[in-house]
Amino acid sequence: MKSFIHGNTYYSHAHPPEELERNFVKMREMGINAVRVAEIWPGWSVIERKQGTYEYGLLDDFVEKAVRNGIQVCMGVGINDTPFWLFDKYDDLRCVSWEGKKAARRIHSACVDHPAYRRHMEAFIENITNRYAGYEGIFSWQLGNEIRCGHAYCDCGSTRIRFRQWLKMKYSGNLAALNREWGVEYSAWEEIYPYKSSEGAPTEGIIGHYLNTMAFTNWSLEELLSWGVAIMRPITDLPIFHNHFQQVGSGNYWKLTEPCDASVMDIYAVTYDEPGIYNGYLLDIAGSIARQTGKPLWIGETTAAQYGTFQRIPVDQRLIENCVMEQLGAGAKAIFYFRHKSPIWEQPHKFTGSQAFLRIDESETAYAQTPRNVERFLQLHEETILKCSPVDAEIGLYYPEESLLLGSEAGFREDALNSAFGSRAIWAGAQLAVELLDTDTLIGTDLSRFKIIHLPLAYLLPSKVGEALRNYVREGGTLISEGRLGYVNEFGQLYDVQPGAGLDEVFGAREDLFYNTSPFLADYELEGMEGRAEFHTVKQTFRLQGGQPFMKSEDGEVCGVRHTYGKGTAYLLGVAPSLHFKIGSGKYDRASEARAHTTAAQREAVCRLFKHIAQLHHMEPPITMTGGHPNLTVRYLQEGKSKLAFFVNYSKKEKTVISLKHPAMRCFQLDHEGQHALRVGEDGQTVLEIDEMSWKAILIEGE
C-alpha cells in the first residue's frame, strides 16, 4: 500500500459471516482502510482441523468481502494457535514450567522446540502462504502474534535437548569452559537442565546458569521467526512482520526484527497509570530499530478503547487519540487498532463487551471518534506524514536487556524496568529526542553521532559495553549514568570495583556504599545551576578517584561526580532520577504506587537538571522553544529543511503554553480542518496553547 495504513483487527470464524459485509462498510466510514486477520486465534487451529486437510472457505469469504469494500488485508500466519489434534498426537507438546506444570492457555502453549511440531508447522506455513500469495487485496503478512506471551521459558523434554545442543555450540563442546564460567562442576552435558528445572541438580542461585537459560530462550524464539520467514520468502514478495510486545525474556526486539520487513510493536498505553511514559518508550524502541535498520515503523496493535480486563479503569477517548497521534509523530506508517468490535468468544481475562468502537449490537461508542479524527487529519496531511521521517536523535539511551533479565530473577526487575522507561521520560520532559541502543547495537555502532549517552539502572553491564563507552568518552562524548552501575559482568561475575567494566576510570570515582533508601534530599551545583532535588529507592555514595563532586546528600555524602576523561565528560549519579517516572500499574493490576514518592515539582527538577547538562554540551531541542512540563511529549519529524512537531499533552488537568522562537510566517498548525497561522504574543514570539489531554501538530517551514 502506498497510502498510510490505518488499520484494524477483525477475525473470520470469531464473527458470524453474515455480519462481515456491514462491518467492513462501518470500518470504511470510520476511515479504516486495512485489517489484520488470522494471526492468532482463529488461526491455524480452524484452518487445519484435521491433519493435512486445510479449510479456507471462511477466510476466503472474509478476504473477498473486505476487498470488495475497500479494505486491504494483512494475512496472518497463526502459528501460535495450535490445532487440538496435535496435542493428542504428541503428549509431550505442551510447554512445561520450571515447577513441572504444563501450560494450559488456549494459545502459546505448544513448545516451539518440539521437532515434530516444527515439521507440522512448516507444512502449515507453506500451505497458507501458497494459498494467498498473489491473492487480490492482500498487502502484507504477519507471522505469529506476540509469540511466547505468558510462557517466557520452558522445561519440557524437547527444550532440554535443544538447550544442551545450544550450550555445546556456544562453548564449542568444551564443558570445562562452561564449568569455569558458571562456577559449577558438571561432568556431562546430559546433567544440565534449564535453570530451576524440576529435575536434575538444584540450580537456583547460579547466575551463569540463569543467564544462559534466558539467552537460549530468547535465541529459540528468534530462531523460530527467522526459520518461518525463510519458508515464506521464496513464495511471496510482500512485507512480512512479527509484532513484539513489552515483556522481558520474550526475545530481543532488535534480533526479532532482523528477518522482518518492518519494525512492529504492540502498545497498550492507556491501560497504565502513566500512558505517556509507556507509549513513548515502546515507540522509541521500535522507532530506533526502524531507523537503525532502514525499515518502516508500524504499530501492530494499539488500544481502540478501554482495554476490557476485569479490573477496568476509566479511559478518556482523548487519551487514546493522544497515543495514536504520538505514534504518527514518531514516524509510524501503519497503525492497527485492537479492535473495532468484540468477538463472540472472548478470553476470560478480557471481557471486552462494549469496550471497543462498536458495542455488540454495533451501535457506536465514544471511542469511534478516534479513527474518525485520525482519518480527517490524514485526508488533509497524509502526503506530509508519509514523506517525513524522525529527526536524528543526539541522545543515545542504553537498553539494558541483560540487566533486566537478571533483575527478573534477582528481585530488582521492577526498579530496572521503571528506570528504563523513566530514563526516556526525563529527556521527553526536556523536549529532546532519544535513540535506544541494545548491547549489540551500542557495541557495533559509531557512537560519535551522539552528544550524550545515558545509562539507566544497569546492575549487569557487559564488559564490551564498558569498553565501547570508554572509547566514546575518550573521543569527546558525554556519558551519564544512574546509580548501581556495573556490579556484575555478562557472566554474572562480580567486577573488582564498582562501577565495573573499567568505567571507574571514566567517572573518576568508585563506590563507597550502596543501599536502598526512603526519600532523601540532595543538593547539586553544576556550572551556573544549583538546586535541591528529592530522590528515593537508590542511594550510592562514592570515593573520589580524580572526579569532582557536584551532588551531595544532606549529610554531606557524595552522590554525584563529574569527571573529564580524555576529550569527553562523564557524570556518575548515585541516585536514580528515572524512578520519578514510573509507568505504574497496568491492565491486570488493582492498584498502583506509581507516584508514591513523586510530585510534579520533583519531576520538573529532574528534567531541569538533565536539560542543563544537555545545554552544557551544546544541545537544544530540534525546535527552539520555551515552556512545557514533564507530561508534555514533543515528537519531531522532518522533510528537507522543514520540521513537523507533534505536541502531545498527557496531563489530565494542566494546559500548557509554548513560545516558539520561529517567525510566525513560517509556523502553521495542522489539524482536522486544514492549515492555520499561529498567534503572535506580545513579545513577538509565536504562541502555541495546548489544552489538557489534547495534541497539536505544528509545521515549521524551512528557510
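How many helices and strands does the secondary structure of the protein come to? In this predicted model, local features need pLDDT of at least 70 and side-chain atom pairs count only at pLDDT 80 or more, whereas totals for chains, interfaces and linings use all residues. Residues are numbered from 1 along each chain as its sequence is written, and side-chain values use heavy atoms, with hydrogens and water left out.

The protein contains 18 helices and 27 strands, taken as DSSP runs (helices H or I, at least four residues; strands E, at least two) numbered from the N terminus. Its radius of gyration is 26 Å, close to the 27 Å given by the globule rule for 703 residues, so the protein is as compact as a globular protein of that length. The radius is taken over C-alpha atoms, and the rule is 2.2 Å times the number of residues to the power 0.38. Along the principal axes, the C-alpha atoms fill a box of roughly 75 × 75 × 45 Å. Of the 703 residues, 63% are buried (under 20% relative accessible area, 1.4 Å probe, protein chains only).

Helix 7 spans residues 175-182, and six of its eight residues are buried: Leu175, Ala177, Leu178, Asn179, Glu181 and Trp182. These buried residues pack against helix 6 (157-170) and helix 8 (207-232), where contact means heavy atoms within 4.5 Å. At the start of helix 7, a side-chain oxygen of asparagine 174 lies within 3.1 Å of the backbone nitrogen of alanine 176.

Terms used: Buried < 20%, exposed > 50% of the residue type's maximum accessible area, 1.4 Å probe, protein only. Polar contact = N/O pair within 3.5 Å; in protein donor to acceptor, adjacent residues only side chain to side chain.
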